[in-house]
Amino acid sequence: MKGYFDIVGDGGSQVVEQVKAKHARIAASLAGVRSMLAVGSGKGGVGKSTLTLQIAHALHIDGATVAVLDADLNGPSQARMAGLGSAPLVPGPSGLVVPRTADGIGVVSMGMIVPESEALDFESVAQGDTFVWRATREFSLLGDLLAGVAWGELDFLLVDLPPGAERTLQYAEFLGPETAIVLVTIPSDLSRGVVLRSIAALGGASNHLLGYVENMKGYYCAGCSSLRPLFAETGSVDLGIPCLGTVPFDPELALACDRGEAPRADSPSLTWRAVRDVAEQIRNRLEVS
C-alpha cells in the first residue's frame, strides 16, 4: 500500500484531464449566453430568489431572452415560483431541454426533481462526515447542470445563489470572472452588515460586482396606495457599492410567487415598477461592462 507522498502526480486518475474536459463542456453549453448574472445576498430571507425571478420577467418583457438557473440546490424555490414544480427535465439532441414558463422564461431547478418533502442527498459510504465532501459534490452537480442543459441562445442567464457570505465567493469563483454579481439586502442594519461581509469576500474575486438592491424597502398597501415602513432604518451601514434600486414588499406579488403566477406587464403595482427599474439598471450596467 502506498502512502500519500508516494503517489506521483494524480496517481493515474487523470483528474486534471477530467476537470478540463468538464470545463470545456460547460463553455460549449454556455456559448450562446451573452450575459451571466449571479444574484446573491450573504443573508438568507431577504427575498433574493423572488427578486431574481421578477428581474427575469422584467428583462423578458423588455424583449430579452432569459433563463434562470436555481443554484440553491438544497433549498430550491424557482420551480415553485415559476409554476414548473412538476415540469420534467427531458433529454434533447443537445442536452436537457430547458422547461419554460407560460410567458417563455427558461427555468432549471432541483425543485423539478426533488419534492419539497425530501432533501437533496448524495450516495456515500461515509456516515456522519458529509461536511468533508458535500460541497465538492454540490459543485460537481452544478457543473453537470451548466454543461448538460441545452441553454441555447440567451441574452441573460440569471443564477440564483444560495445564502452565505462564503458561498457567494465560492460560486463567483466557480462561475468564473465573466459572471457579474448583484447582491440583495433588506434595509435592516443586521442584513446590510452580513451583505457587507459578502462584499468583503468578493474583494479578491475577478467578477464585476454591479451593485446591490434594497428589497422590502417599505410595505406596499394596495388599499391605500401608499408605502409604509417595514423595518427600522438607521442608515449606519454603508455598503460602499452602487444601489441599483429599492423594491417595496407587496403581499400580492408574494402570493403570486407562491402560486407560480407571472406578473402582468401592465401591473400598476409600485413593486413591479421598481423591479422593472432595477432590471433596466442591470441591463445598462452589463452593456457597458
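**Figure 1. The second largest pocket of the predicted model.** A pocket is here an open set of points on a 1 Å grid over the protein atoms alone, with protein on both sides within 12 Å along at least five of seven lines. In this predicted model, the second largest pocket holds about 320 Å³ of space. Its lining consists of 16 residues, and those lying nearest the centre of this pocket are Asp250, Glu252, Leu253, Ser267 and Ser269. Helix H7, which runs over residues 251–259, supplies the largest share of this lining, namely five residues. By residue class, the lining of the second largest pocket is made up of nine nonpolar, two polar and five charged residues.

**Figure 2. The largest pocket and the elements around it.** The volume of the largest pocket is about 390 Å³, and 19 residues line it. Nearest to the centre of the largest pocket lie Leu30, Met36, Leu175, Glu178 and Thr179. Two or more lining residues are given by each of helix H1 (15–29), strand E1 (33–40), helix H5 (165–175) and strand E7 (179–185), and it is E1 that gives the most, with four residues. The lining of the largest pocket divides into 11 nonpolar residues, six polar residues and two charged residues.

Figure 3. Lys22, Ile26 and Ser29 are the buried residues shown in H1; because they cover an arc of only 65 degrees around the axis, they lie on the same side of the helix. An α-helix has 3.6 residues a turn, so residues three or four places apart point the same way. On the face of H1 turned away from the buried side are the exposed residues Lys20, His23 and Ala28. The cover over the buried residues of H1 includes helix H4 (130–148).

Figure 4. Thr168 belongs to helix H5, one of the elements that give two or more residues to the lining of the largest pocket. Thr168 has a relative accessible area of 0% and is therefore buried, the limit for this class being under 20%. When its neighbours within four places in sequence are left aside, the residues in contact with Thr168 are Ser41, Gly42, Leu161, Leu183, Ser198 and Leu202.

**Figure 5. Ala71 in a loop.** Ala71 is placed in the loop that lies between strand E2 (66–70) and helix H3 (78–81). With a relative accessible area of 0%, Ala71 is buried. Apart from neighbours within four places in sequence, Ala71 is in contact with Leu142, Val159, Asp160, Leu161, Pro162 and Tyr171. Between Ala71 and Glu17 there are 54 residues of separation in sequence, and the C-alpha to C-alpha separation of these two residues in space is 25 Å.

**Figure 6. Met216 and its backbone angle.** Met216 is found in strand E8, which covers residues 209–221. Most residues other than glycine have a negative phi. Met216, although not a glycine, has a positive phi of about 55 degrees. The relative accessibility of Met216 is 15%, and because buried means under 20%, Met216 counts as buried.

Definitions and conventions
Residues are numbered from 1 along each chain as its sequence is written. This is a predicted model: local features need pLDDT of at least 70, side-chain atom pairs count only at pLDDT 80 or more; totals for chains, interfaces and linings use all residues. Side-chain values use heavy atoms; hydrogens and water are left out. On a 1 Å grid over the protein atoms alone, a cavity is a set of points where a 1.4 Å probe fits but cannot get out, and a pocket is an open set with protein on both sides within 12 Å along at least five of seven lines; lining residues have an atom within 4 Å of a point. Grid points are joined across faces, edges and corners, and a volume is the space filled by probe spheres set on the points. Ala, Val, Leu, Ile, Met, Phe, Trp, Tyr, Cys and Pro count as nonpolar, Asp, Glu, Lys and Arg as charged, and the others, Gly among them, as polar. Buried means under 20% relative accessible area, exposed over 50%, partly exposed in between (1.4 Å probe, protein chains only). The arc is that of the directions from the helix axis to the C-beta atoms. Contact means heavy atoms within 4.5 Å.
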